[in-house]
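New notebook page. I want to get my bearings in this structure, going from single residues to the whole chain.

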Amino acid sequence: MTILFGMGLELKRQSFVKRNQEHIWLWLYIWSMLLLLADGFLHFLFVFEYDILMSYAVTGIIVALLVRRKIKLIKILALILGILHIAGVLLISFILEAGMRFPGSQEEFSLALNEIAAVYSTGSYLDQVLFRFDGIFQMRLEAIAVIPMNILLFLFGVYLVRAGIFRQTKRSEELRKKFFSGV
């Protein structure tokens, strides 16, 4: 899904470039990402806390500011972000594992899970909304943590469009085969 968002970003940008309107594309795209951010916040608050829309909106703004840069800079940034994401996941995993070894931490974690379960199993809809509002920063940490990976995947989508994955050429057909076969 994230790669598709990156593809969509580049397809929209290219359509504005073809009409010689690239100067307005950035601002229209950022405006659409701000609307997506607001939609994601409302979805988070009133529907479901595990929502990726807010993260995609922030990622979209960042990538929109990057796509006009030199390809070498974009490749270096993508590599750094991939390494940063892997290092971050490993660090978070290590911290969580180490934290669970402290006396009482498992019981505390179990109590927190029981509180969450109680809100969703016996609480009213208003209780759930207030619970999400009260814990917005803790519940949105995962959306922030995946931004480096999202940027990397958005940029990969941009790359695929620029490489011509949708063109009707022999090279594009080979690219599609590689991409869709997982090679």
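Predicted model: local features only at pLDDT ≥ 70, side-chain atom pairs only at ≥ 80, totals over all residues.

I started with the cut-offs for accessibility: buried is under 20% relative accessible area, exposed is over 50%, and partly exposed lies in between (1.4 Å probe, protein chains only).

Residues are numbered from 1 along each chain as its sequence is written, and side-chain values use heavy atoms, with hydrogens and water left out.

**Entry: Asn20**

I looked up Asn20 and found it in the loop between helix H1 (2-18) and H2. Helices here are DSSP runs (H or I, at least four residues), strands are E runs of at least two, and both are numbered from the N terminus. Asn20 counts as exposed because its relative accessibility is 66%. Its phi is near 60 degrees, a positive value in a residue other than glycine.

Next I went on to helix H2, where Glu22 is found. Glu22 is partly exposed, since its relative accessible area is 23%. I then checked what it touches, with contact meaning heavy atoms within 4.5 Å. Not counting residues up to four places away in sequence, Glu22 touches Arg13, Phe16, Val17 and Arg68. I also checked Lys12: it is ten residues from Glu22 in sequence, and the C-alpha atoms are 9.8 Å apart.

I put Leu28 down as partly exposed because its relative accessibility is 44%. From Leu28 to Leu81 I noted 53 residues in sequence and 26 Å in space, C-alpha to C-alpha.

**Entry: Tyr56**

Is Tyr56 buried or exposed? It is buried, as its relative accessible area is 5%. Tyr56 sits in helix H3 (residues 53-66). I listed its contacts, leaving aside neighbours within four places in sequence: Met1, Thr2, Phe5, Met33, Leu36, Asn150 and Phe154. Phe154 is 98 residues from Tyr56 along the chain, yet their C-alpha atoms are separated by 9.1 Å.

**Entry: helix H6**

Which residues of H6 are buried? In this helix (residues 125-134) I found Gln128, Val129, Phe131 and Arg132. They lie on the same side of H6 because they cover an arc of only 160 degrees around the axis, the arc being that of the directions from the helix axis to the C-beta atoms. I then asked what they pack against, and got helix H2 (22-46), helix H5 (105-122) and helix H7 (136-139). On the face turned away from the buried side, I noted the exposed residues Leu126, Phe133 and Asp134.

**Entry: the whole chain**

I stepped back and counted ten helices and zero strands. The radius of gyration, taken over C-alpha atoms (globule rule: 2.2 Å times the number of residues to the power 0.38), is 20 Å, well over the 16 Å that the rule gives for 183 residues, so the chain is more spread out than a compact globule. The C-alpha trace spans about 60 × 35 × 30 Å along its principal axes.

Of the 183 residues, 33% count as buried. Among contacts with a separation of 6 or more, 67% join residues 24 or more positions apart.
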